[in-house]
Amino acid sequence: MAANLCLGVVGLVPFFLLMLFLINFPLAALGLTSREPTENDGMFPWAVLLTPLLLGFCALWFLANLGLRNLTPAEHARRHWWLAALLTSAPALSLPVGALVSGSF
């Protein structure tokens, strides 16, 4: 399970870039957010950067957890994928909670 926490720390970079992409393009097109005023390159550089980064991270996560699932006892194997996803997302979810607790939000 420590491997999933480490993958969650590594996954902060793709998560952050994905959030920037979503804020600047689809959510801004729907009127839910406003675009960054200096963003004038369009979606192509984002697609070139995000696609291999997200695919690589998802492949790494899947292969690591496929190996870890084989080490999991049979009675806990059913819960392995849910627990792996929760532990991987824990570092990303702890950032806004930490900001709320410290008062910097």
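Visitor: Which exposed residues does the face of H1 turned away from its buried side carry?
Guide: That face of H1 carries Ala2, Cys6 and Val9. Exposed means over 50% relative accessible area, buried under 20%, and partly exposed in between, with a 1.4 Å probe and protein chains only. This is a predicted model, where local features need pLDDT of at least 70, side-chain atom pairs count only at pLDDT 80 or more, and totals for chains, interfaces and linings use all residues. Residues are numbered from 1 along each chain as its sequence is written, and side-chain values use heavy atoms, with hydrogens and water left out.

Visitor: What makes the buried residues of H1 line one face of the helix?
Guide: In H1 (residues 2-10), the buried residues are Asn4, Leu7 and Gly8. Seen down the axis of H1, they fall within an arc of 105°, so they line one face. The arc is that of the directions from the helix axis to the C-beta atoms. Helices are DSSP runs (H or I, at least four residues), numbered from the N terminus. The buried residues of H1 pack against H2, H4 and H5 (80-102), and contact means heavy atoms within 4.5 Å.

**Two single residues**

Visitor: How do you know whether leucine 5 counts as buried, partly exposed or exposed?
Guide: Leucine 5, found in H1, has 39% relative accessibility, so leucine 5 counts as partly exposed. Leaving aside residues up to four places away in sequence, leucine 5 touches Leu87, Ala90 and Pro91.

Visitor: Is asparagine 40 buried or exposed, and why?
Guide: Asparagine 40 has a relative accessible area of 65%, so asparagine 40 is exposed. Asparagine 40 lies in the loop between H3 (26-29) and H4.

**Helix against helix**

Visitor: Why are H1 and H2 called oblique to each other?
Guide: Their axes are 4 Å apart and the angle is about 40°. Angles under 35 degrees count as roughly parallel, over 145 as roughly antiparallel, 65 to 115 as roughly perpendicular and the rest as oblique. H1 and H2 are therefore oblique. Axes are lines fitted to C-alpha atoms, for helices over the stretch in contact, and angles run from 0 to 180 degrees between N-to-C directions.

Visitor: What makes H1 oblique to H5?
Guide: H1 and H5 also pack at about 40°, with axes 7 Å apart, and that makes H1 oblique to H5. Asn4, Leu5, Leu7, Gly8 and Val9 in H1 meet Ala84, Leu87, Thr88, Ala90 and Pro91 in H5. By class, this contact has seven nonpolar, three polar and no charged residues. Ala, Val, Leu, Ile, Met, Phe, Trp, Tyr, Cys and Pro count as nonpolar, Asp, Glu, Lys and Arg as charged, and the others, Gly among them, as polar.

Visitor: And why is H2 called oblique to H4?
Guide: The axes of H2 (residues 12-24) and H4 (residues 44-71) come within 10 Å and cross at roughly 140°. That makes H2 oblique to H4. H2 passes H4 in a left-handed crossing. Residues of H2, among them Leu17 and Phe21, meet residues of H4 including Trp46 and Phe57. The contact of H2 with H4 divides into twelve nonpolar, one polar and no charged residues.

Methods:
Helix = DSSP H or I, 4+ residues; strand = E, 2+ residues; numbered from the N terminus. Left-handed = near helix turned anticlockwise from the far one by under 90°.
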